[in-house]
Amino acid sequence: MRRALRLARKGLETTTPNPRVGCVIVSPDGRLLGEGWHERAGEPHAEIHALRQAGAAARGATCYVTLEPCSHHGRTPPCADALIAAGVGRVVIALQDPNPRVAGKGIERLREAGIPVDVGLCAAESAELNRGFLTRMTQGRPWFRLKTAATLDGRTALADGRSRWITGEAARRDVHRWRARSCLVLTTIATVLADDPELTVRHVPCRRAPRRAVLDSRLRLPESARLLQGEPVWIFTVREDVEKRARLEALGHRIIRLPADADGRVALEALAQWLGAHDINEVLIEAGATANAAFLATGLVDEWLHYAAPCVLGNGARGLFALPEPATLALAPRFRLQETKRLGEDLRLRLRPADRT
């Protein structure tokens, strides 16, 4: 199963909106007969690749797969039916698929065909690999990953906005790895006006460029912005501007008008549901203190990637979150440390909210 999980990771950047799945088929005496992973939506699933390798030897073999085989006709036929037709002798599944179109039906179909099925081996590892897909299937929204970079005293830029570069090259390359695996990289109009970012993947290989998007409540996005170069961008707004919409859409970009919150900005809950309905599994947020605070206050920070640089900028420099001081320390948002990683002279912390399991 761990081999199947390693195979599944090969589709880390490319399977969206589908889950990352690996499959290994083993003979009764322990010989590897076939293996595969899901590479892209619309292409064969992991089980099909493994069955093709195994051929007739799959009869009576054990199939290890990291997610429940599908039981419905989507872009490809049901994998459960393919396993039954191949005559496998046993199926071991890491995690049941929460997709309502599957949700135990694949397991049931296999068992009805007389094939023993075991579920739960390395379930946590499979779930970790597919946080975005699982969140979309169970909550109707993507997994939001907040990225920040700051000095040891929590400062993100000088008072005038200059921030290039707080962190070193290794940390910046790591950010591009997280971009590469994301379905969507999201920023705000404030960040565009201040930094004019591209939000593309440049420092690491990437087989499928993530979509880029900007929160722009008043539709102030300059048509000269570097963000608008290249692949189409999603622009989320609460304002209608017929002429600007026409110009941006003529360039291939999409304008999405969503409800406003109490402050007249794009309502983040509405954004989350819209993205979930449009098959977005993982979102990387790269923005400033105001947006960071809004996502945190709305409960939409599922994971926080924080890059800490060994320097100090002082009290006048800009901070990480534009939040009011909590009344007591007990009310301060708390996080659990998932991982630390040294990147050159910098340190990356990966954290999740302490009040969630």
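A: Strand β6 and strand β13 (residues 303-309) pair in the parallel sense over seven bridges, where strands and helices are DSSP runs, of at least two residues (E) for a strand and at least four (H or I) for a helix, numbered from the N terminus, and two strands pair if DSSP finds at least two bridges between them. Within β13, Tyr307 is the bridge partner of Ala149. β6 is also joined to β12, again in parallel, by four bridges, and in β12 the residue bridged to Leu146 is Ile285.

This is a predicted model, in which local features need pLDDT of at least 70 and side-chain atom pairs count only at pLDDT 80 or more, while totals for chains, interfaces and linings use all residues. Residues are numbered from 1 along each chain as its sequence is written, and side-chain values use heavy atoms, with hydrogens and water left out.

In a regular strand the side chains alternate between the two faces of the sheet. In β6, Trp143, Arg145, Lys147, Ala149 and Thr151 point one way, whereas Phe144, Leu146, Thr148 and Ala150 point the other way, and all are buried, that is, under 20% relative accessible area with a 1.4 Å probe and protein chains only, as against over 50% for exposed and in between for partly exposed. Because nine of the nine residues of β6 are buried, the strand is largely enclosed by the rest of the structure.

A nonpolar core is here a set of buried Ala, Val, Leu, Ile, Met, Phe, Trp, Tyr and Cys residues joined through side-chain atoms within 4.5 Å. This largest core has 29 residues, and those with the most contacts inside it are Trp234, Phe236, Leu271, Leu275 and Phe295. The element that gives the most to it is α10, with five residues.

Phe236 shows some of the surroundings: leaving aside its neighbours within four places in sequence, Phe236 is in contact (heavy atoms within 4.5 Å) with residues including Ala213, Leu215, Ile256, Leu258, Val266, Leu271, Trp274 and Leu275. A second, separate core of 28 residues includes Ala50, Leu95, Leu110 and Ile115.
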